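User: Good morning. I have opened this model and would like to go through it with you, one topic at a time.

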Amino acid sequence: MSKANLPNRLPAEFAAQQAVWFSWPHNEETWTGGSLEPARRAVVQMIRAIAASGQRVEINVNTSERPAVEALVAGELAAGVVRLHGIPTNDAWCRDHGATFVHRADGSLAGIDWTYNAWGGKYPPYDADAQAARRMCEALDLPVIDGRITLEGGGLDTNGAGLLLTTASCVLNPNRNPGLTRGKAETLFAELLGTPRVLWLEGDLQGDDTDGHVDNLARFVDSRTVFAVSDPDPAAPHYHALQENLRLLRAARTLDGRALQVVELPMPARTEHNGTVLPASYANFLIANRVVLMPAYGGPQDETAQALLARAFPHRTVVPVDCRHVVIGLGAVHCLTQHVPASHT
């Protein structure tokens with residue numbers, strides 16, 4: 001196969017990065033009951049933690065929000081480690097409306113622009129979010145690849161060595177891709193992401209409105225080790241799906257035939273807002289170059305999750321981010337961010 005015909009490759013999140021991208025929170029319908037300002041404070045903490053580690057931060061900002069954001073990150077802007085972009089968005093979930101950045105055969109970067117319809121048309125309007133991925137690529141002067149299906153970045157995770165985690169409940173859902181089969185999706189992922197093997201995991205957490213994004217369920221922390229959420233309560237609606245995920249992951253093999261090392265992540269204490277269960281998950285962490293940002297929910301399980309992540313990333317600092325208000329918007333740390341891999345050219 002000539003180099004020109006090689007597939008793209010989606011790097012693992014734990015590989016070298018050049019930046020992390022955010023879309024500034026502004027939608028009061030997402031963060032109700034006064035939760036918007038606390039959610040913004042959590043985002044500022046995340047931005048500063050990444051910037052302080054020396055990694056660049058890119059932020060999409062609606063015009064009306066720009067002066068306030070400039071004031072909040074004035075020092076980081078002056079240091080050149082934070083850049084603001086006048087890319088409007090309907091909401092802040094950059095993992096999902098942002099581009100998925102891949103390496104091309106020559107090691108250069110390109111961005112995949114999946115069709116975006118706000119998790120199956122659940123939250124109109126989403127016209128600005130649907131344009132964000134392309135505009136992010138333009139801001140970095142990167143080529144844009146048409147993703148050809150409706151998908152969000154939170155529905156994908158890879159070990160960087162040909163293995164992809166995703167869920168049929170998201171990718172094959174008729175509210176996104178009517179008629180799409182596993183076989184067709186796998187062929188597309190092999191071409192666009194360089195992942196010839198797909199592990200289809202099960203279901204979604206109670207309260208999850210994404211139809212089962214894998215970044216709430218299971219995440220690779222190295223090429224063979226995967227952290228997977230488990231719940232000890234057999235009465236929990238997601239109990240059996242999470243148990244099935246553990247079984248599937250323990251039976252899986254890497255492309256060179258080795259078993260995965262599966263580490264169980266605890267569930268946070270039940271998190272509710274106005275009587276509604278929220279999809280709180282420790283799997284929604286972000287891996288950056290020198291830090292790991294971990295969603296925290298104020299319970300004793302926070303310490304357990306932090307210790308597990310610290311062991312997995314001995315050369316990174318694990319930073320807990322209080323997400324008790326963030327998750328009112330039905331997402332957490334990973335959902336709010338999109339990493340940009342380092343170029344290999």
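Analyst: Buried means under 20% relative accessible area, exposed means over 50%, and partly exposed lies in between (1.4 Å probe, protein chains only). Strands (E, at least two residues) and helices (H or I, at least four) are DSSP runs, numbered from the N terminus.

User: Before we go on, where does the model come from?

Analyst: This is a predicted model, in which local features need pLDDT of at least 70 and side-chain atom pairs count only at pLDDT 80 or more, while totals for chains, interfaces and linings use all residues. Residues are numbered from 1 along each chain as its sequence is written, and side-chain values use heavy atoms, with hydrogens and water left out.

User: How many residues of strand 18 are buried?

Analyst: Five of the five residues in strand 18 (residues 337–341) are buried. As for the two sides, side chains in a regular strand alternate between the two faces of the sheet.

User: Which strand pairs with strand 18?

Analyst: Strand 1 (residues 17–23) pairs with strand 18 in the antiparallel sense, over five bridges. Two strands pair if DSSP finds at least two bridges between them. Within this pair, His-339 of strand 18 stands opposite Val-20.

User: Let us change topic. What is in the largest nonpolar core?

Analyst: The largest nonpolar core has 64 residues, and those with the most contacts inside it are Phe-22, Ile-47, Ile-59, Val-82, Leu-265 and Leu-293. A nonpolar core is a set of buried Ala, Val, Leu, Ile, Met, Phe, Trp, Tyr and Cys residues joined through side-chain atoms within 4.5 Å. Helix 1 (residues 36–52) supplies the largest share of this core, ten residues.

User: And what does Leu-293 touch?

Analyst: Leaving out residues up to four places away in sequence, Leu-293 touches Met-46, Ala-49, Ile-50, Phe-285, Leu-286, Val-319, Val-321 and Val-333. A contact means heavy atoms within 4.5 Å. A second, separate core has 22 residues, including Ile-112, Ile-149, Ala-185 and Phe-189.

User: In what order do the three strands of the open sheet lie?

Analyst: The order is 15-16-17, with mixed pairing. Strand 15 (286–287) and strand 17 (317–322) are the edge strands, each pairing on one side only. Strand 15 runs antiparallel to strand 16 (residues 291–296), and two bridges join them. Ile-287 has Val-292 in strand 16 as its bridge partner.

User: Which helices pack on that sheet?

Analyst: Helix 1 touches strand 15, strand 16 and strand 17, and its direction makes about 165° with that of strand 17. Helix 10 (residues 301–312) also packs on the sheet; it touches strand 16 and strand 17, and its direction makes about 160° with that of strand 16. For these angles, axes are lines fitted to C-alpha atoms, for helices over the stretch in contact, and the angles run from 0 to 180 degrees between N-to-C directions.

User: Now the backbone. Which peptide bond is cis?

Analyst: The bond joining Pro-124 and Pro-125 is cis, with omega about -5°. Pro-125 sits in the loop between helix 5 (118–121) and helix 6 (127–139). For comparison, most peptide bonds are trans, and most residues other than glycine have a negative phi.
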